[in-house]
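Please read the following note with the sequence and the model side by side. The points below take up single residues and the groups they belong to.

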Amino acid sequence: MADIVKGKVIKVVDGDTFDLQITHIGNNNAYEYGTVERIRIAGKDAPELNTLLGLAVKRRVTEKLLNQIVTCEIQSKDVYGRLVAKIR
């Protein structure tokens, strides 16, 4: 079973990555998490920020996610130390 964390999106980094201020941690999680974790949305590969499309996607994600409470089902950790998660 995947680890679950829940919290408030406090920063959108780009179209597929954001910072989460964790407020709830699942009872059966295998790992410990900090108060703020960087999350990469599983299955998404947004355009780079140095393109107009990349900036537009970031703007759209910011409108949808910033200051929202989300639940993250952790899939893995990537080579950059971000948690890769499905978002609900």
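1. A residue is called buried under 20% relative accessible area, exposed over 50%, and partly exposed in between. Leu49 has a relative accessible area of 34%, and therefore counts as partly exposed. The structure discussed here is a predicted model.

2. Leu49 is found in the loop between β3 (36–41) and α1. Together with Leu52 and Leu55, Leu49 forms a nonpolar patch on the surface, and the accessible area of the three is about 300 Å².

3. Which residues have the most contacts inside the largest nonpolar core? They are Phe18, Leu20 and Cys72, in a core of 16 residues. Two or more residues of this core come from each of β1 (4–14), β2 (17–25), β3, α1, β4 and β5 (83–87).

4. The contacts of Leu20, leaving aside neighbours within four places in sequence, include Val5, Val9, Val36, Ile39, Val70 and Cys72.

5. Ile25 belongs to strand β2. Its relative accessible area is 44%, so Ile25 is partly exposed. Apart from neighbours within four places in sequence, Ile25 is in contact with Ile4, Val5 and Tyr33. The C-alpha atoms of Ile25 and Val36 are separated by 12 Å, and the two residues lie 11 residues apart along the chain.

6. Asn67 deserves a check of its backbone. Most residues other than glycine have a negative phi. Asn67 is not a glycine, yet has a positive phi of about 70 degrees. Asn67 sits in the loop between α1 (52–65) and β4 (69–77), and is partly exposed because its relative accessibility is 48%.

How values were computed. Residues are numbered from 1 along each chain as its sequence is written. This is a predicted model: local features need pLDDT of at least 70, side-chain atom pairs count only at pLDDT 80 or more; totals for chains, interfaces and linings use all residues. Side-chain values use heavy atoms; hydrogens and water are left out. Helices (H or I, at least four residues) and strands (E, at least two) are DSSP runs, numbered from the N terminus. Buried means under 20% relative accessible area, exposed over 50%, partly exposed in between (1.4 Å probe, protein chains only). Patches are made of residues with over 30% relative accessible area and no salt bridge: like charges are joined within 9 Å, nonpolar side chains (Val, Leu, Ile, Met, Phe, Trp, Tyr) within 5 Å. Accessible areas come from the Shrake-Rupley method with a 1.4 Å probe; for residues, only the protein chains shown count as cover. A salt bridge is a side-chain nitrogen of Lys or Arg within 4 Å of a carboxyl oxygen of Asp or Glu. A nonpolar core is a set of buried Ala, Val, Leu, Ile, Met, Phe, Trp, Tyr and Cys residues joined through side-chain atoms within 4.5 Å. Contact means heavy atoms within 4.5 Å.
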